[in-house]
Amino acid sequence: MIKFNHVYKIYEKDIKALDDLSFSVEKGEFVFLTGPSGAGKTTVFNLLYREDIPDMGTILVENSDIAHLARSRVPYYRRRIGFVFQDFKLLFDRSIFDNIALPLVLTSTAPEFIYKTVNDAIKRIGLEGREDVDPWHLSGGEKQKVALARAVILNPPFIMADEPTGNLDEENAWQIMTMLDELNRAGTTVMVASHNRDIVTRMGKRVIRLERGKAVE
Ligand SMILES: Nc1ncnc2c1ncn2[C@@H]1O[C@H](COP(=O)(O)OP(=O)(O)OP(=O)(O)O)[C@@H](O)[C@H]1O
Ligand SMILES: [Mg+2]
């Protein structure tokens, strides 16, 4: 499903964020991306989300080279990816309901369908009754659950979560990992960047370890 082929990403001042990185992820897999701060984990996700393109090498997603995607196709490409950003990227002036509904609204689905789908998602993350609250009033764990609910509202075949348990306590971290695991069991391909050794070990999934932009394991 995903194939990085000798990918280099070099930022100014010769910072090699990715340095000849090759790996692949099969459809239906659950893979952790680990490694120290600055190893290149977020860079991998940004390239996969087509926010940027490699300086050298190719990235194939479902056998097409995403660097060659026309700009007009990028929004359609992104609809197939649920991206849980490292910093949530929630809209803080909108309610929880509106945040989760956003991808559905952008794809112009019928209002009754949006209403039902979003309310079901809110129930699943345990925030029933708080639909109209804005994200300022949520704890870190609750924000992370809203970000995850929004990322998966269009049922994407592929989810990438960047440090989804970064600032969470053990219980919330575990709830997030369980949600990702359930989505994976239902057939979704999942890639999770994480520093949390304990979680990575307990989940028992394949690990791609990055160090200075290279895969070391
Ligand atoms: N837009 C950018 N401009 C310049 N340098 C960048 C940019 N984005 C990332 N880098 C550099 O690329 C390297 C990899 O960064 P990246 O954010 O991918 O690391 P990471 O593994 O996600 O780290 P963390 O665990 O702290 O989130 C770092 O040295 C970083 O400073
Ligand atoms: Mg990062």
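Helices (H or I, at least four residues) and strands (E, at least two) are DSSP runs, numbered from the N terminus. The model is predicted, so local features need pLDDT of at least 70 and side-chain atom pairs count only at pLDDT 80 or more, while totals for chains, interfaces and linings use all residues. Residues are numbered from 1 along each chain as its sequence is written, chains are lettered from A and ligands numbered from 1 in the order in which they are written, and side-chain values use heavy atoms, with hydrogens and water left out.

**Exercise 1.** Locate Glu-62 and Asn-63, and state whether each is buried, partly exposed or exposed.

*Solution.* Step 1: Glu-62 lies in the loop between β4 (56-61) and β5 (64-65), and Asn-63 is placed in the loop between β4 and β5 as well. Step 2: buried means under 20% relative accessible area and exposed over 50%, with partly exposed in between (1.4 Å probe, protein chains only). Step 3: Glu-62 has 39% relative accessibility and therefore counts as partly exposed; Asn-63, at 74%, is exposed. Step 4: Glu-62 has a positive phi of about 45° although it is not a glycine, and the phi of Asn-63, also not a glycine, is positive and near 70°.

**Exercise 2.** Determine the strand order of the open sheet and trace the pairing through β7.

*Solution.* Step 1: two strands pair if DSSP finds at least two bridges between them. Step 2: six strands give the order β6-β7-β8-β3-β9-β10, with mixed pairing. Step 3: β6 (81-84) and β10 (214-215) are the edge strands, each pairing on one side only. Step 4: β6 and β7 run parallel and are joined by four bridges, with Val-84 opposite Ala-161 of β7. Step 5: five bridges connect β7 (residues 158-162) with β8 (residues 189-193), again in parallel; here Ala-161 stands opposite Val-192. Step 6: in a regular strand the side chains alternate between the two faces of the sheet. In β6, Ile-81 and Phe-83 on one side and Gly-82 and Val-84 on the other are all buried, so both faces are covered.

**Exercise 3.** Describe the largest nonpolar core and the contacts of Leu-180.

*Solution.* Step 1: a nonpolar core is a set of buried Ala, Val, Leu, Ile, Met, Phe, Trp, Tyr and Cys residues joined through side-chain atoms within 4.5 Å. Step 2: the largest has 37 residues, and those with the most contacts inside it are Phe-30, Phe-32, Ile-100, Val-118, Val-146 and Leu-180. Step 3: contact means heavy atoms within 4.5 Å. Leaving aside neighbours within four places in sequence, Leu-180 touches Phe-30, Leu-148, Ile-159, Ala-161, Pro-164, Val-190 and Val-192. Step 4: a second, separate core of 28 residues includes Leu-21, Phe-23, Ile-81 and Phe-83.
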